[in-house]
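Subject: Handover of a structure and findings

Dear colleague,

Please find below the structure that I am handing over to you.

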Amino acid sequence: MKVQVAKSAGYCFGVKRATKMAFEAVEEHAPICSLGPIIHSPQLVKTLEDKGVCVIQRVEDIEKGAVIVRSHGVTSSELEAIAARDLTIIDATCPFVKNAQEHAAQLSRDGYTVIIVGEKEHPEVQGIVSFAASGEVWVVGSPEEAESLPRRRRIGLVAQTTQSYENLRRIADLCLSRSAELRIFNTICDATSVRQEEARRIADLSDVVLVIGGFNSANTNRLAQICSQIQPRTYHIETAEQIEPGWFHECTSVGITAGASTPHWIIDDVVNRLTNFED
Ligand code: SF4
């Protein structure tokens with residue numbers, strides 16, 4: 001059975017950075033808190049918890065010490081609440097997310113109606129919205145939703161980092177017809193599209209596909225969906241223990257990919273388990 005792991009499988013730049021910061025911070029400041037899970041990997045969150053990083057949902061629940069901000073950021077009011085409580089802040093917000101927050105804030109200060117292309121409920125988008133909240137701000141997820149946007153003289157557009165270029169382009173087209181001036185900041189990060197492209201290729205070449213990553217990770221779920229459309233024998237797992245030998249009946253090639261928040265040790269475990277089946 002040939003096993004092929006996607007080159008891009010696992011941590012993206014922002015997650016790798018946030019994880020490194022969390023491990024370093026816990027050495028220096030333990031115990032510390034993270035506002036929401038630092039990344040969408042229950043196994044990594046558990047490892048950090050064992051070292052002294054507790055996950056809390058509200059700043060008010062932190063009495064003292066240090067707090068680490070997750071890779072997809074928090075809202076401006078949460079940052080203010082952290083500062084007001086005199087907590088040490090370790091800001092692991094991904095620089096690409098920060099870039100989107102800063103453009104949204106600047107556009108708002110400059111008097112633009114800010115339109116964010118993204119998923120309303122996603123914490124990253126809620127964070128970006130909060131930085132533009134001094135003016136008018138809208139979130140649209142699709143060109144269909146953008147049809148109902150009002151006409152405004154000056155519109156500023158930014159995108160959630162994981163959006164597709166196609167979605168941003170189509171929404172930008174609609175905004176153009178609704179404004180006299182349109183400023184667009186391309187705040188999309190390539191990590192998602194690179195992983196999706198590679199997942200398509202691997203699914204095309206394999207009899208069975210394993211997609212590894214948190215069941216709560218949106219980008220992993222999306223990879224699993226993409227792979228299943230191409231190869232119905234696609235399985236989404238969080239750990240090697242979840243693999244069932246029966247999945248590989250008459251299989252000669254297994255493709256493996258993993259979400260942007262999947263630790264490498266879990267990918268290695270999966271490869272080892274498959275190798276042991278063969279022995
Ligand atoms: S997907 Fe991109 S924006 Fe999001 S954390 Fe990773 S590198 Fe940063």
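This is a predicted model: local features need pLDDT of at least 70, side-chain atom pairs count only at pLDDT 80 or more; totals for chains, interfaces and linings use all residues.

Residues are numbered from 1 along each chain as its sequence is written, and side-chain values use heavy atoms, with hydrogens and water left out.

Ligand and pocket

The ligand sits in the largest pocket. A pocket here is an open set of points on a 1 Å grid over the protein atoms alone, where a 1.4 Å probe fits, with protein on both sides within 12 Å along at least five of seven lines; lining residues have an atom within 4 Å of a point. A molecule sits in a pocket if more than half of its atoms lie within 2 Å of its grid points.

Around the ligand are Cys12, Gly14, Cys94, Phe96, Thr161, Cys189 and Ala191, a residue being counted when one of its heavy atoms lies within 4 Å of the molecule. This shell comprises 5 nonpolar residues, 2 polar residues and no charged ones. In this scheme Ala, Val, Leu, Ile, Met, Phe, Trp, Tyr, Cys and Pro count as nonpolar, Asp, Glu, Lys and Arg as charged, and the others, Gly among them, as polar.

The largest pocket holds about 880 Å³ of space, a volume being the space filled by probe spheres set on the points, with grid points joined across faces, edges and corners. Its lining consists of 37 residues, and those nearest the centre are Thr161, Thr162, Thr192, Asn219 and Ala260. Two or more lining residues come from each of helix 1 (13-29), helix 4 (95-109), helix 8 (190-205) and helix 9 (218-230). Helices (H or I, at least four residues) and strands (E, at least two) are DSSP runs, numbered from the N terminus. Helix 8 contributes the most to the lining, with 7 residues. By class, the lining of the largest pocket contains 15 nonpolar, 16 polar and 6 charged residues.

Cysteines

How many disulfides does a search of the whole structure find? The search finds 0, a disulfide being a pair of cysteine sulfur atoms within 2.5 Å. Cys251 is in no disulfide, and the nearest cysteine sulfur, that of Cys227, is 14 Å away. Cys251 counts as buried because its relative accessibility is 10%; buried means under 20% relative accessible area, exposed over 50%, and partly exposed in between (1.4 Å probe, protein chains only). Cys175 is also buried, at 1% relative accessibility.

Positive phi angles

Most residues other than glycine have a negative phi. Asp86, which is not a glycine, has a positive phi of about 60°. Asp86 belongs to the loop between helix 3 (76-84) and strand 5 (88-91), and its relative accessible area of 70% makes it exposed. Glu250 likewise has a positive phi, near 55°, in a residue other than glycine. Glu250 is located in the loop between strand 11 (234-237) and strand 12 (253-258) and is exposed, with a relative accessible area of 68%.

Individual residues

Thr239 is in the loop between strand 11 and strand 12. Is Thr239 buried or exposed? At 16% relative accessibility, Thr239 counts as buried. Its C-alpha atom is separated by 7.7 Å from that of Asp269, 30 residues apart along the chain.

Helix 5 (residues 123-131) includes Gln126, and Glu124 is found in helix 5 as well. Glu124 is buried, with a relative accessible area of 3%, whereas Gln126 is partly exposed at 35%. From C-alpha to C-alpha, Glu124 and Val97 are 7.5 Å apart in space and 27 residues apart in sequence.

Glu102 lies in helix 4 and is partly exposed, at 48% relative accessibility. Glu102 and Phe277 are 175 residues apart in sequence, and their C-alpha atoms are 50 Å apart in space.
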